[in-house]
Amino acid sequence: MTTANFVDFQNVWLAYNDELLAQNHFAVEDINLQVKQGEFIAIVGPSGCGKSTFMKLTTGLKRPSKGQIFVDGQPVTGPLKISGMAFQAPSLLPWRTTLDNVLLPLEIVEPFRSQFKQRKAEFAERASKLLRTVGLGGYEDKFPWQLSGGMQQRASICRALIHEPKMLLLDEPFGALDALTRGNIQDELVTIVRQTKQTIFMITHDVDEAILLSDKIFLMSNGPRAKLAEIVTNPLPRDRTRATMHHDPKFYEVRNHLIDFLVHRSKTFAAA
Ligand code: ADP
Ligand code: MG
């Protein structure tokens, strides 16, 4: 039953602690969803509606108060090794250079770990290539304290991408980036998702970004009942690009639908 879906949420509720549970105060409520391997899911919703909580549940950092979560056919009982993550705030190790921070997952995760010594030059080239796409070419040997906040953020995104994890969780990773860098990283992600079978969840406030990158868009609504309100299937062809997608009238239809949800329906869904 669960094997066909890569991620499967069955009636998932989460209260952050016992006190909140006793008050029936849930951060997310009755989430049911199924995601296939290789799907790119964008998550859109107002602040505080439970998007980050959803990510913590998916990767096993939080256990549900009620319901069950399966990933890759297994019940999630603790933090998963198969997922890569990049969050709003960068989290580089201060004693490692930019290059060594980006290489970290390859030193930890198999099959790379056991090949790390032999293939180090190749891995370093892969890391440098990623760093160049985010405008950090030449910063390989700098330490985090020598980089601006935005540069550290770009390096953390490279670290999440380097080992092409089976599941990639991106929590508003591009929010603080300038438009040019953001566009470059979006293009890089498009290339990656076309080549790999990674399952990706990305929280974003940018509806154009959601339409460019995702196969499906999860719309989450705000309390008192924070839940998954609607799933929108992206109507645009998969070979869309940043340059061409605006020429398709369907782009404006889906864009208007998302904006209408955010403006008019995301806070009132529960009352309906
Ligand atoms: P979003 O990412 O959509 O902005 P969050 O998932 O961070 O929303 O938060 C959802 C709800 O859970 C909010 O009401 C928030 O205050 C609450 N919350 C988040 N983290 C915690 C925590 N560690 N302890 C208690 N409540 C939390
Ligand atoms: Mg959040």
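1. Strands here are DSSP runs of E at least two residues long, and helices are runs of H or I at least four long, both numbered from the N terminus. The model under review is predicted. D30 is not a glycine, yet its phi is positive, at about 50 degrees. Look at this backbone in your viewer.

2. The peptide bond between E110 and P111 is cis. Its omega is about 5 degrees. P111 sits in the loop that runs between α3 and α4, the latter being residues 112-133.

3. Now the ligand. Which residues surround ligand 1? The shell consists of Y16, A27, G45, S47, G48, C49, G50, K51, S52 and T53. Six of the shell residues are polar, three are nonpolar and one is charged.

4. The chain divides into two domains.

5. Next, the packing of α3 (residues 98-108) on α5 (residues 149-161). Their axes come within 7 Å and cross at roughly 30 degrees. Angles under 35 degrees count as roughly parallel, and α3 and α5 are therefore roughly parallel to each other. The crossing of α3 past α5 is right-handed.

6. The α3–α5 contact can be traced residue by residue. From α3 come T98, N101, V102, L104 and P105. They meet A155, C158 and R159 of α5. By class, the residues of this contact are five nonpolar, two polar and one charged.

7. Helix α3 also packs on α4, at an angle of about 140 degrees and with the axes 9 Å apart. Is α3 roughly antiparallel or oblique to α4? Roughly antiparallel needs an angle over 145 degrees, so α3 is oblique to α4. Here too the crossing is right-handed, with α3 passing α4.

8. On the α3 side, the contact with α4 uses T98, L99, V102, L103, L106, E107 and I108. On the α4 side are F112, R113, F116, F123, A124, A127, L130 and L131. The residues of this contact comprise 12 nonpolar, one polar and two charged. T98 and V102 are among the α3 residues listed for both α4 and α5.

Terms used:
Residues numbered from 1 in each chain as written. Chains lettered and ligands numbered in written order. Predicted model: local features only at pLDDT ≥ 70, side-chain atom pairs only at ≥ 80, totals over all residues. Near = placed C-beta within 6 Å. Nonpolar A, V, L, I, M, F, W, Y, C, P; charged D, E, K, R; others polar. Axes fitted to C-alpha atoms, helices over the stretch in contact; angles between N-to-C directions. Parallel < 35°, antiparallel > 145°, perpendicular 65-115°, else oblique. Left-handed = near helix turned anticlockwise from the far one by under 90°. Contact = placed C-beta atoms within 7 Å. Domains from an automatic or database assignment.
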